[in-house]
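Thank you all for coming. I would like to walk you through one structure this morning, so please bring it up on your screens and keep the sequence beside it.

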Amino acid sequence: MSFGSDVETPYETMRGREFPAIRQFTIFLENRVGQLLEVVRRFEGTGIRIVALSINDAAECAFVRFLISDADRGREILERSGLAIIETDLIGVELPEGPQPLLRVCTALLQAELNIIQAYPLIVRPHGKAAVAIMVEGIDMAMKTLNDKGFRIITEADLADDDVHGDPL
């Protein structure tokens, strides 16, 4: 066994990078004018798009949650800027055609007794279809349930696709 600079240890979890979840970043911002703009500008000129955004405002701070088109590079940018970030796995789900598509997603998860913790729409439209990002209890079971019910799961590769429809920020 050898130790030193010539030994490379891959940074990969048990699930590996092929796991179909999408990564959400949560940052805490002081509740001051211009704070969000400063964060958004960090991606200017990088080719990285913010593809979903949620803001929860409190008296003294705001929790900003977002998905970006390149999670690995985006995390590096956020870390270099000194922002405290929390990374969480979400499920991206393409909404099916027809009336009440969100009702169909919620019903599928309810039938599996899975609780939705957070949900918000994607700004871009992967494959030209509306989609939502959902945080659930039991992400593995939720993905299996949605796959078994015929829903299309949105992956990070779908978010990075240059053929994404819609207007990114």
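Predicted model: local features only at pLDDT ≥ 70, side-chain atom pairs only at ≥ 80, totals over all residues.

Let me begin with Leu109, which, leaving aside its neighbours within four places in sequence, is in contact with Leu114, Ile116, Val136, Ala142 and Leu146, contact meaning heavy atoms within 4.5 Å. Residues are numbered from 1 along each chain as its sequence is written, and side-chain values use heavy atoms, with hydrogens and water left out.

By a nonpolar core I mean a set of buried Ala, Val, Leu, Ile, Met, Phe, Trp, Tyr and Cys residues joined through side-chain atoms within 4.5 Å, where buried means under 20% relative accessible area, exposed means over 50%, and partly exposed is in between, with a 1.4 Å probe and protein chains only. Helices (H or I, at least four residues) and strands (E, at least two) are DSSP runs, numbered from the N terminus. As general background, nonpolar side chains tend to be buried together in soluble globular proteins.

Let us turn to helix 2. Which residues of helix 2 are buried? In this helix, residues 71-80, they are Ala71, Gly74, Ile77 and Leu78, and, seen down the helix axis, they fall within an arc of 120 degrees, so they line one face of helix 2; the arc is that of the directions from the helix axis to the C-beta atoms. At the start of helix 2, a side-chain oxygen of Asp70 comes to within 3.4 Å of the backbone nitrogen of Asp72, and after the helix comes Gly82, with a positive phi near 85 degrees.

Next, the charged pairs. The count comes to 10 salt bridges, a salt bridge being a side-chain nitrogen of Lys or Arg within 4 Å of a carboxyl oxygen of Asp or Glu. One of them joins the side chains of Arg23 and Glu87 (3.8 Å, N to O), and this pair links distant parts of the chain, with Arg23 in strand 1 and Glu87 in strand 4, 64 residues apart. Arg23 is buried at a relative accessible area of 5%, whereas Glu87 is partly exposed at 37%. Glu87 also meets Arg75 in a salt bridge (2.6 Å, N to O), and because Glu87 lies in strand 4 and Arg75 in helix 2, this pair ties together parts that are 12 residues apart in sequence. Arg23, Arg75 and Glu87 belong, along with Asp72 and Glu156, to a network of salt bridges.

Another salt bridge is formed by Lys129 and Glu97, whose closest N and O atoms are 3.0 Å apart. Lys129 lies in the loop between strand 5 (116-121) and strand 6, and Glu97 in the loop between strand 4 and helix 3, so the pair ties together parts that are 32 residues apart in sequence. Here Lys129 is partly exposed, at 28%, and Glu97 is exposed, at 56%.

Finally, the backbone. Where is Glu113? Glu113 sits in the loop between helix 3 and strand 5, and its phi is near 60 degrees, a positive value in a residue other than glycine. His127, in the loop between strand 5 and strand 6, likewise has a positive phi near 60 degrees. For context, most residues other than glycine have a negative phi. Glu113 is exposed, at 74% relative accessibility, and His127 is partly exposed, at 33%.

Methods. Polar contact = N/O pair within 3.5 Å; in protein donor to acceptor, adjacent residues only side chain to side chain.
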